[in-house]
Structures are given as structure tokens and as C-alpha cells.
Amino acid sequence: MSVPGAWYLILAAVLFSIGAAGMLLRRNMLVMFMCVELMLNAANLTFVTYSRMLGDVAGQVAVFFVLIVAAAEVVVGLGIIVALFRRRSGATADDFHILKG
Amino acid sequence: MTPAPVTMPAAARAATATTAMIASVPSGPLVLPHVDYGALMPELILIGAAMLILTASAMTVRRAPQIVWTAVTVVASAAAGVASFVLWQRVTTHGPYAGLSGSLAVDGFSAVFLLLVSAATLLFALVANGWLEREGDKGPEMQALAMLSGSGAMLMASANDLIVLFLGLEIMSIALYVMAAMNHRREESGEAAMKYFLLGAFSSALLVYGIALTYGATGSTNLGRIAAFLSTEVVVSNGVLLAGMMLILVGLGFKVAAVPFHGWAPDVYDGSPSPVSGYMAAVAKAGGFAALVRVLLSSFSVLRLDWQPVVYGLALASLALGAILAVMQSDVKRMLAYSSISHVGFILVGVESGTRQAASGAEYYLFTYAFMVIGSFAVVSVLAGLGDRHHAISDFRGLAGRRPFLALSFTVLLLAQAGIPFTTGFLAKFYVLAAAVSGGFYVLATLAMLSAVVAAFFYLRLVLVMYGTGVQVAPLSREPAEEARRRSILQPILAGPGISVAGAASPVAVVPAGTGGGELPQGSAPEEGPLGGVFEQPPAASEAALPAMAAVAIGACVLVTVVFGIWAGPLVELAQRSTLLF
């Protein structure tokens, strides 16, 4: 018995929505960061599912690029977060209010 | 690989997917695609030079003077500009083509953007040199990151595949996140980087999901194949395709800071080092718009009726909000940020019509805007003083008496942004509005002109502030109060009443030496200071020396803006001959 492809797509959409909602609602920068990763991996799951459904390898190749970019983003993002941590304790986005958005 | 027939029921296809994939793996020796190094040369030069200066600085024991890194950057960006021009000549004589297995579009459109990014990187290197020397921030990082970021923008402009587009966007953005955080003396800089990073990562996640959905609906990420597929086949899953297209639009809308995705722009432009703000406004917008125009006009051209209302809304919101909020700013960098949002609205007005004229209009606008905005932020950067802190409108009061060259240059650049005739800014607005009118968007074009009138107000106000009150240097009451408020939040110990009084007198008056520490609002302990606890008193705006290189860059920006505004032929021809690949 095989799971229909649409289920994977729905799962990916749900994961993406959770990530997007978390990004908009949570205030802790590390959690926001994890939400971005969740969104990127939901996109990866979509790529792989469509790649299976279409019988085309290109979608799976795209996943590698997305993974590499996500890794690079982690490096820079954590670097910035650490640089901010050193100036003050806590990583809550609400603490950053010098610039009046 | 040929695009898979998506019209076949997906479920039936899934059953045979595994065997199909195994069958599609070539059994012979791996055939590598032909790599067209000529088409990639501008990017390769910039990346190579960035790697070179980073390696060189790691290998040398003694710290080389800043001028060495700047010189390498200037030479590399000039070389990239020459390579772009060679590419332009090749394209205009032999016609556009898609290189690297169809993933790279080599056409006039991309060649002009390559030229733009090369020029912007060169100007940035000149402006940043003075900034880095003033801040005592030795090292090649800023210049190397600028070149890497530029190479990403170039890749975005010439991407003919959504995955290549995404990679270019990330190469550009990740370098820009770090560049935004490069000002150690202002806490706002780190905050700006954080905001830019979180929203940038969020927008690229939206973009990737959009690409994935588009891939699912059309069976390819190649822009040419998507266009071919959409014009020949009836799409089964139209909702998926539309969702994908909208997510791509939103992702790129974040990058170019179109309203309602503009929230980050004022904070990031304010907090970043001033040269970086200018570079961001020029290059990130150029890359974002190049990708947006190419995606909308080439592959989603068939779906015009679906994206036009969205672009219409974005354009209108950007024009209105950008102009109105810019009027309300008391800080020059924030004002320029909101003005850049209203410029985004103008470019979107041009894009809206979706014709060939739209592409060249947007291109001309971005090309000329790059010079105006880099020049403007260069003036701000010179005047902001140590720590890059003095950029309230009140700091520009009576500038004409103290710094005639800077005041005149800034005036020209501001008037050009307002769209005064005999500058490139006028022609830029003219061409995007002409594109909108020829597409039948009369209402939008009229509203755009109205917003230009509102925008003229805040540009002229700044000009009047610079020329109006002569050499009288009394600061406006609002900004020092703001500074004092910030300091009282951030460092309750240091922000005693004495310092607040001294701060209120500060921007141009001479401040007693004992209050020097109070000028650093980051509330850091002295040993955390970049100069090992030695805090110099920031020179007041009138005393800051004008670095020769920055003067050259500002002069070049003014010259381009005025000369090509009067002698319009060459640039206009450049934009009009730069056709899209398909």
C-alpha cells in the first residue's frame, strides 16, 4: 500500500503554515529562526513529492541547493544572534526597539 | 531533460515514477554541460577578487592599509564592468541566447544589469573606503562582501531558471545581512542586521515554496520551459500554479521593499552603515527587480491577467505610503528609505503594463536610481561623523555655508530623485509612466504623478534646510531629545542629566571632552569598544573631512545624473536595446 502523493503535499503545506505562523507570532529569535527552517524544509518536501509525481529528477536536485542555502543562512544568522547576545541578555525580538519600525 | 507531460493524471504517473527515474539515469559516461565562461565572467571576476582579498588578508602578518583592499575592489569591479560591456556587445551583434543548459539568460537586459552592478560596486568601494578609515575598521571584509553580494545580484539578473534565481538572491542577501551589521559603534546596526536577516530569510522561504509549487504545476523550474508549457498546455492544477506565482511575487516584493512588504526597509537603512544603505538600495533593488521583471514578463506572461491586479495594488500602496511616510521623517536616512519605497512604486507602475517597453523603462529607472541613491547615501556617510550617527535633518541645517560641494551635490541628487527635468530622474519617471500609459493604465499613471508631487515636497524641504538658514547651527530640538531618550533607556548609569544637556548641544557645537563616552549609545563597557576603550569625540558634521575617494564617487554620481539627463541618448538607447531573451 502506497501513500498518495497529495498527502505529502498537504503535509508540506501544513508544515509551511506552521512555520509561517510561528514566524509571525513567536518573539524569540531562535524560535523564529527554527520556523524559517521549517518553512524551507516544507518547500523541500514539496520539491521531492513533485519530483516523484512527475518522474523528473530536477526537483530532487533543487533540494540540495535549498539545503546548502539553508546551511549558509544558519551560519550567518547564528553569527548575528550571537553578536547581539553579547551586547545584552535574552533573544527576544521585542527587546529591539531602538529603531522605530 | 524534456518537461514531463503534466496533463497526464498525476496519480497514474506516480506509480511508474520510480521506474521512470531509474530509466532516465544515463548509463554511459557523465556528460557535463558546456560551461560558457564568457557569460559568467563578471560574476567570476567579482567572486575571484573577493576570495583573493580575503585570502591575502589572512595570509599577511601585518595589516595592509585599507587602500589596498579598496584598490583591488575598484579594479575588479571595473574589470567586471568591462566584461559586462563585452557581453553586451556580443549580445547586440549575435543576439541573445540561453547559456549553461538554458539556466543562464545572456541577453541585453541582463548585460545592462551586470553593468549597473559593476558600477554600483565600484562606487560603493570608493565611498566605503572613507567610511572604514574614519571608523578605524581595518580589513577587507566589507569590500569582499560587497563583491560577493554584487555577484549574487548579477546572477539574479541573468538567471533563466528559478533555482539559479534563488541562489543568486541568497548570495546577494546573505552578504548584505553581514554588511548591515558592520557598524560596531551603533547598536542599531546589529538590530538592523537582525531584522533584515529574519525578514529576508522569511521572504526567501516564501520564494522557495513558490518555486516548488510552480515546479509542481509546470514540471520545470526553467523560465523558458515554464513559458513554453503555459502557452501550449492547459494547466490542471491552476490553483497550485497561481499560489506558486504569488509566493514568488511576495518573496521578491520583500527584497525590493514594496508596500506591504516594506516594514524592514526604514529600520535597516537607518541602522546599516550609510554606504551599505546606498549599496542595498541600488543593488538589492536592481537584482530583485531584474528577477521580478524577467519572471513576470517572460515565463508568467500568459498569466498576465492574474498578476496585473496584484502588481497594481503593490504599486499604488508603495507610491502612496512611501511618499506620505517620507514627509513625516526627521532623519535623512529614514527619509531616503521611504523615498526608495516610493521609487519602487514607480518602477512597479512601469512593470504593470507587462510590455517590452515596461522592461526597458524599469531598467532605465534602476540604472539611473542606482547612481542617485549611492551618491545620496555617500553624502550622508561623509556628514554623519564618527560612528555614523549624525543624520538627522537638523544636522543638515545650513550645510551650504559649511560644505558647499556636498550641499550642491546632495541638492542635485535629491532634485533628480524628485524628477526635475534635465536630470536622469526626470527621464526615468517619464519612461515608466509612458510604459503605463501605453498599456492603458491612465489612473495609475495619474496617481503616480500625484505622488511625485508629494515626494517633491520632502526633497525640496531638505534642500531648503541645507540652503535656508545660512551658517546658523542651532540644532532642532527634537533629535537631541530623541538621543537623550535612547541613552536613558540604554545606559541609565551614564545618561546623567549633565550628559543629556551636553548631548542637546551636541551635533555641531563643541562638547566637553569628559562626555565623550556618553556619545556611544550602545551602553557597552569600555573594554568592548572597537578601539580598546579609546573613544574619540565624534567630529561634528561641519568638521568631518571629506575623503578624496568619496568625493570622486559623489562627483561621478552627480555627473552621471546630470550629463545623461541632458545628453539623454546613450543611456536611453542602452535601455531600449536591452531586450529580454523571450
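Predicted model: local features only at pLDDT ≥ 70, side-chain atom pairs only at ≥ 80, totals over all residues.
View 1. Chain A has 101 residues, 46% of them buried, and its secondary structure comes to 3 helices and 0 strands. Read from the N terminus, its elements simply run α-α-α. Chain B has 582 residues, and 61% of those are buried; here there are 23 helices and 2 strands. In chain B, take the contacts between residues at least 6 apart in sequence: 81% of them join residues at least 24 apart. For chain A, 57% of the contacts with a separation of 6 or more come from residues 24 or more positions apart.

**View 2. Inside the largest nonpolar core.** This core has 214 residues, and A:Phe47, B:Phe300 and B:Phe396 have the most contacts inside it. In soluble globular proteins, nonpolar side chains tend to be buried together.

**View 3. A nonpolar patch on chain A.** Here A:Val3, A:Trp7 and A:Tyr8 make a nonpolar surface patch of about 320 Å². A:Val3 sits in the segment before α1 (5-25) of chain A. With a relative accessible area of 38%, A:Val3 is partly exposed.

View 4. Most residues other than glycine have a negative phi, and most peptide bonds are trans. Now for some exceptions. B:Ser101 has a positive phi of about 55° without being a glycine; look for B:Ser101 in the loop between β1 (97-99) and β2 (104-106) of chain B. B:Ser101 is exposed, at 57% relative accessible area. B:Ala257 also has a positive phi, near 65°, but B:Ala257 is buried at 0% relative accessibility. B:Ala257 belongs to the loop between α10 and α11 of chain B. That loop, between α10 (238-256) and α11 (264-271), holds B:Pro260 too, and a cis peptide bond joins B:Val259 to B:Pro260, with omega about 10°.

**View 5. B:Thr70 and its surroundings.** B:Thr70 is part of helix α4 (residues 66-94) of chain B and is buried, with a relative accessible area of 1%. Its side chain makes a polar contact with the side chain of B:Asn129, at 2.7 Å. Setting aside neighbours within four places in sequence, B:Thr70 is in contact with B:Ala125, B:Asn129, B:Gln143 and B:Met549.

**View 6. B:Ser272, tucked into a loop.** You'll find B:Ser272 between α11 and α12 (274-299) of chain B, buried at 0% relative accessibility. A polar atom of its side chain lies 2.6 Å from the backbone oxygen of B:Val268. B:Met182 is 90 residues away along the chain, yet the C-alpha atoms of B:Met182 and B:Ser272 are separated by 7.4 Å. Contacts of B:Ser272 beyond four places in sequence include B:Ala180, B:Lys333 and B:Asp388.

View 7. Side chains of opposite charge can pair when their charged atoms come close. Over all chains, the count comes to 11 salt bridges. One of them joins the side chains of B:Glu135 and B:Arg185 (3.1 Å, N to O). This pair links distant parts of the chain, with B:Glu135 in helix α5 (residues 108-135) and B:Arg185 in the loop between α7 (162-180) and α8 (187-218), 50 residues apart. B:Glu135 is buried at 4% relative accessible area, and B:Arg185 is buried at 5%.

Another salt bridge joins B:Asp270 and B:Arg334 (3.2 Å, N to O). B:Asp270 lies in helix α11 and B:Arg334 in helix α14 (residues 332-352), so this pair ties together parts 64 residues apart in sequence. Both B:Asp270 and B:Arg334 are buried, and both belong to a salt-bridge network that includes B:Arg186, B:Glu188 and B:Asp267.

Methods
Residues numbered from 1 in each chain as written. Chains lettered and ligands numbered in written order. Heavy atoms only, no water. Core = buried A, V, L, I, M, F, W, Y, C linked by side-chain atoms within 4.5 Å. Buried < 20%, exposed > 50% of the residue type's maximum accessible area, 1.4 Å probe, protein only. Helix = DSSP H or I, 4+ residues; strand = E, 2+ residues; numbered from the N terminus. Contact = heavy atoms within 4.5 Å. Polar contact = N/O pair within 3.5 Å; in protein donor to acceptor, adjacent residues only side chain to side chain. Patch = residues over 30% accessible without salt bridge, like charges linked within 9 Å, V, L, I, M, F, W, Y side chains within 5 Å. Areas by Shrake-Rupley, 256 points an atom, 1.4 Å probe, with all protein chains shown as cover. Salt bridge = Lys/Arg side-chain N within 4 Å of Asp/Glu carboxyl O.
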